[in-house]
Amino acid sequence: MMILETTDGVAFLGYAGLGSTSLGTEPADWMCKVLLGRNFPLEYSIGIIARAMQEQLPRHLVRIAGQGRAAHFVIIPALVGTEPRFYSIDLVFAPDRKTYKFRYRRLRHTNAPMSAPHPPRVGVGGTGAFYLPTNRDWVRELLRLVKAHDHRKVSARVVADHLARLSYEIHQTVCAKNDESVGPDSIVAWRFSKDGVHGGGGGHQFYSGPERAASSGFMPSITRGADINALVQAMMPFTEKSLKALMAGEPAPEENPDEINAALARLPRTPDEKLS
């Protein structure tokens with residue numbers, strides 16, 4: 001998963017299919033490189049990702065081990081201004097892996113009129129989606145919990161805990177069928193509309209199985225063309241010096257602007273669409 005913040009909105013790009021290339025590049029990190037230095041509106045930015053996927057992903061996806069279809073799905077819940085939207089990018093090979101179909105679209109609820117294009121309440125993707133209960137009780141329970149959260153009766157992390165347990169149950173079901181396509185761990189992330197009951201903001205939580213991880217690290221993130229994680233990592237050595245001094249009861253060392261500027265200057269500033 002990666003976070004995308006643009007001039008007009010915010011989105012999560014969660015994906016299933018290719019976990020990493022043969023050289024170890026994860027799609028989330030690659031998508032950040034694709035959008036590096038590109039400060040565009042949200043839908044246009046997603047379109048850039050879609051085009052890059054169509055050009056770069058097939059040669060990696062076709063090498064996935066196993067028989068049958070090779071596929072990659074990106075599910076994108078988003079807020080454009082205060083409007084909720086839902087996008088998806090799908091690339092699916094035929095069983096013989098000689099041809100594939102590609103699709104990038106904005107999803108609308110089937111019962112919504114075009115004048116009011118409401119997005120779906122829930123979206124699922126990947127092989128794990130096939131193992132969700134068919135009675136839809138899980139959807140009703142999830143939406144009931146979300147409604148309670150919107151009425152401030154439960155916290156966001158209570159909803160996150162529920163989603164993590166659901167993900168872990170799917171993992172157990174999949175493993176029982178000798179399918180290793182769904183791992184035990186998960187990440188749950190959320191953002192609030194600025195005009196909603198929570199007034200903006202959000203967060204994320206890492207999970208080890210159904211339990212909250214001891215610490216939640218950084219998620220790949222692009223904010224108006226800037227790689228936030230890269231900036232944080234570049235500044236980390238300077239921050240650590242100050243923290244060590246603080247813990248030792250010593251005065252913070254004087255920062256050297258030249259060293260900081262040199263560290264920032266080494267960061268990539270232009271997009272790189274090659275997936276290797």
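Select β4 (residues 83–93) and β5 (residues 100–106), which pair in the antiparallel sense over seven bridges. Helices (H or I, at least four residues) and strands (E, at least two) are DSSP runs, numbered from the N terminus, and two strands pair if DSSP finds at least two bridges between them. The model is predicted: local features need pLDDT of at least 70 and side-chain atom pairs count only at pLDDT 80 or more, while totals for chains, interfaces and linings use all residues. Residues are numbered from 1 along each chain as its sequence is written, and side-chain values use heavy atoms, with hydrogens and water left out.

Six residues lie between the strands of the hairpin, where Arg-97 takes a positive phi near 60°.

Next, display the rings of Tyr-87 and Tyr-104. Their centres are 6.5 Å apart and their planes stand at 25°, so the pair is stacked. Rings of Phe, Tyr and Trp (its six-membered ring) pair if their centres lie within 6.5 Å; planes under 30 degrees apart count as stacked, over 60 as edge-to-face and the rest as tilted. The pair links distant parts of the chain, with Tyr-87 in β4 and Tyr-104 in β5, 17 residues apart. Tyr-87 is buried, with a relative accessible area of 1%, whereas Tyr-104 counts as partly exposed at 30%. Here buried means under 20% relative accessible area, exposed over 50%, and partly exposed in between (1.4 Å probe, protein chains only).

The structure holds three aromatic pairs. For another of these, select Phe-40 and Tyr-44, which are edge-to-face, 5.1 Å centre to centre with 70° between the planes. Phe-40 is partly exposed, with a relative accessible area of 32%, and Tyr-44 is exposed, at 53%.

Centre the view on Leu-13: leaving out residues up to four places away in sequence, Leu-13 touches Met-1, Met-2, Leu-4, Met-31, Ile-49, Val-74, Ile-75 and Ile-76. Contact means heavy atoms within 4.5 Å.

Then select the open sheet of three strands, with the order β6-β7-β8 and antiparallel pairing. Its edge strands, β6 (186–191) and β8 (211–212), each pair on one side only. Six bridges join β6 to β7 (residues 202–208), and the bridge partner of Trp-190 in β7 is Gly-203. Helix α5 (residues 156–176) lies across β6, β7 and β8, running at about 145° to β6. Axes are lines fitted to C-alpha atoms, for helices over the stretch in contact, and angles run from 0 to 180 degrees between N-to-C directions.

Finally, select Arg-38, found in the loop between α1 and α2. A polar contact of 2.9 Å joins the side chains of Arg-38 and Glu-273. A polar contact is a pair of N or O atoms within 3.5 Å; within protein, one must be able to donate a hydrogen and the other to accept it, and residues adjacent in sequence count only if both atoms are side-chain atoms.
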